[in-house]
Amino acid sequence: MKKKEFNALGFMSGTSMDGVDLSLIKSDGIADFTSILNNFYEFDNKLRNNLINLRDKLNSTMDVEKYSSDLKKLGREITLFYAELMKDFMKNQNYNIDLIGLHGQTIFHNAKKKISLQLGDGKLLSQLSQKIVINNFRQNDLDNGGQGAPLVPIFHRLISHIINKKFNIDYPINIINIGGITNVTKILDSKISTHDNFKAYDIGPGNCLIDEWIRKNSNKNFDNNGDLAKVGKVNELIFNQAVENFSNFSYEKSLDIKNYDINFAKGLSLEDGCATITKFTAYLIAEGLKMISDQDKLFPKINILCGGGRKNSSLIKNLEFFLSKNKIEFKNIDEYELDGDYIESQAFGYLSIRSFLNLPISFPKTTRCKSPTLGGTINKNFN
């Protein structure tokens, strides 16, 4: 018998803090998935700056306590912003929303202390929208010994299954999400009934270092298409020193943008710093991909890219250079009729359905949790 399908709206605001991705999907939370509608809403400068400034102040659990009132105030502000976006997103649409998956804006993440804070009030959004809102997706995983990230691998597995059926692509398949942080999901086969055929890791920075360099050294927020890096020259001495400082890097932990900094590029021109940081970012991603493949001596021929970083041609060119001996192909996920800008927002719509159905969203091979783990807090704040 066909399982019940839900219309779920997924909100995702990433570590780049550029804005909010919204996706409306239809799924049974297991094997069926249809993308209905997607859109991006940019933060205004005031909200973006408030988010970045508060995030920069939070370097410890003591800071979280110190700035608790600021967190509450900004959390309410961004929730009201989400509610307005939802109204605009759904205007002139006839779809009924069953569930909302609210990831929120990550403001602090420390897996060792079992804390991951995302701004966005599920109860308030439920009241404003008159819909069931599911948020706080990471805490159960942290409490069960996991890293709280990455959470999208179960959705990556589903879309790999769709791509495999539609385009006859052989397993294993890597799906590489280059957001603020880069994570990879390696799927070994097409089975949906098991949780042992895929694994995932955070493997390095994505856009975070490049974006920070651009923000601090220009009036732009990111390197569009990698154009600045193209005209810059890599400082090989600084690059090699940065690589040496990360020689003992562990992939067993989830990553936050505060695991990295751009101080090593201090003194370089805008373009040269961008080129050097872009090459360094690509190097770390390549090393992470080698690591996950060395575990079982399987390096997928097809590596599918999603997230904003897939558009940075300088980053991808460097990545191809570092992996040239491995004889692999990088494919843009858009080539497989999926929009690479909205994979994560679609994922949190999907995760909201799984949470509502009491199905696990994280697994020992994806977040290092002790056992398959449920996630998400269900908020129904209306009659």
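Colleague: How many cavities of 30 Å³ or more does the structure hold?
Modeller: This is a predicted model, where local features need pLDDT of at least 70, side-chain atom pairs count only at pLDDT 80 or more, and totals for chains, interfaces and linings use all residues. Residues are numbered from 1 along each chain as its sequence is written, and side-chain values use heavy atoms, leaving out hydrogens and water. A cavity is a set of points on a 1 Å grid over the protein atoms alone where a 1.4 Å probe fits but cannot get out, and lining residues have an atom within 4 Å of a point. The number of cavities of 30 Å³ or more is one.

Colleague: What is omega of the cis peptide bond at Pro172?
Modeller: Pro172 sits in the loop between H6 and strand S7 (173–178); helices (H or I, at least four residues) and strands (E, at least two) are DSSP runs, numbered from the N terminus. The cis bond joins Tyr171 and Pro172, with omega about 0°.

Colleague: Is Asn168, with its positive phi, buried or exposed?
Modeller: Asn168 lies in the loop between H6 and S7, and its phi is near 55°. Buried means under 20% relative accessible area, exposed over 50%, partly exposed in between (1.4 Å probe, protein chains only). With a relative accessible area of 64%, Asn168 is exposed.

Conventions. On a 1 Å grid over the protein atoms alone, a cavity is a set of points where a 1.4 Å probe fits but cannot get out, and a pocket is an open set with protein on both sides within 12 Å along at least five of seven lines; lining residues have an atom within 4 Å of a point. Grid points are joined across faces, edges and corners, and a volume is the space filled by probe spheres set on the points.
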